Amino acid sequence: MGIKDIPQVFEIGNQVFTKKDYVFLYRTWEPYEVTGLYTTDPELCIVAEYKNKVIGFALGSIIEKPKSSWTYGYLIWIGINKRYQKYKVGKKLYQEMERRTKKLGARMMIIDTEGSNIGAINFFKKMNFKMGSEHIWMIKNLRNY
Ligand SMILES: CC(C)(COP(=O)(O)OP(=O)(O)OC[C@H]1O[C@@H](n2cnc3c(N)ncnc32)[C@H](O)[C@@H]1OP(=O)(O)O)[C@@H](O)C(=O)NCCC(=O)NCCS
């Protein structure tokens, strides 16, 4: 990914992380997710292009535990333009992310998504992920308190 790709990545995120489909992803997706990760982990910001247009992206990070030798890869965001989903673009991006993450010394890859995001869960299962423990997120409307 290059700096010129940032607006297209953000645009695809806006298209796929919708309130209707995935409330948590919708609420947490904002420009800093792209610019921040591009600043801290540029090697793990990857785009897929078709005819010079960005059609998908994967943004990741490396987590290092200073007191142990453990290094984790964390795939934070992956999104494919709806028109190009189910054409193996996500698979190729994921494989490239895994390759780069391994090269950076990670022994494990972490992903998370909403329990209702069955499409993504099935996709990650195809990428050989196993279910971890249940992860709950909650909402409190602060205007009511
Ligand atoms: C999840 C997502 C990244 C998958 O990308 P994709 O390019 O459509 O997936 P691919 O074509 O590479 O599919 C790879 C494998 O996963 C399977 N798969 C992909 N999407 C699937 C779905 N919705 N339901 C069931 N299986 C699915 C494919 O069948 C394929 O299996 P195969 O290799 O046995 O044929 C894409 O649907 C997307 O952008 N979703 C919205 C954003 C999102 O939820 N991101 C994840 C959380 S950040």
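**View 1. The whole chain, element by element.** This is a predicted model, so treat the picture as a prediction. Start at the N terminus and walk along: the elements come in the order α-α-α-β-β-β-α-β-α. Tally them up and you get five helices and four strands. The radius of gyration is 16 Å, close to the 15 Å that the globule rule gives for 145 residues, so the chain is as compact as a globular protein of that length.

View 2. How much of the chain counts as buried? For the 145 residues, the figure is 23%. Now look at who touches whom: take contacts between residues at least 6 apart in sequence, and 58% of them join residues at least 24 apart.

**View 3. Zooming in on Val89.** Is Val89 buried or exposed? Val89 is buried, because 20 other C-beta atoms lie within 10 Å, and 20 or more is what buried takes.

View 4. Skip the neighbours within four places in sequence, and Val89 is in contact with Ala48, Ile55, Gly56, Ile80 and Tyr84. Take Ile55, one of these contacts: it sits 34 residues from Val89 along the chain, yet the two C-alpha atoms are separated by 8.4 Å.

How values were computed:
Residues are numbered from 1 along each chain as its sequence is written. This is a predicted model: local features need pLDDT of at least 70, side-chain atom pairs count only at pLDDT 80 or more; totals for chains, interfaces and linings use all residues. A residue is buried if 20 or more other C-beta atoms lie within 10 Å of its own, exposed if 12 or fewer, and partly exposed in between; C-beta atoms are placed from the backbone. Two residues are in contact if their C-beta atoms, placed from the backbone, lie within 7 Å. Helices (H or I, at least four residues) and strands (E, at least two) are DSSP runs, numbered from the N terminus. The radius of gyration is taken over C-alpha atoms; the globule rule is 2.2 Å times the number of residues to the power 0.38.
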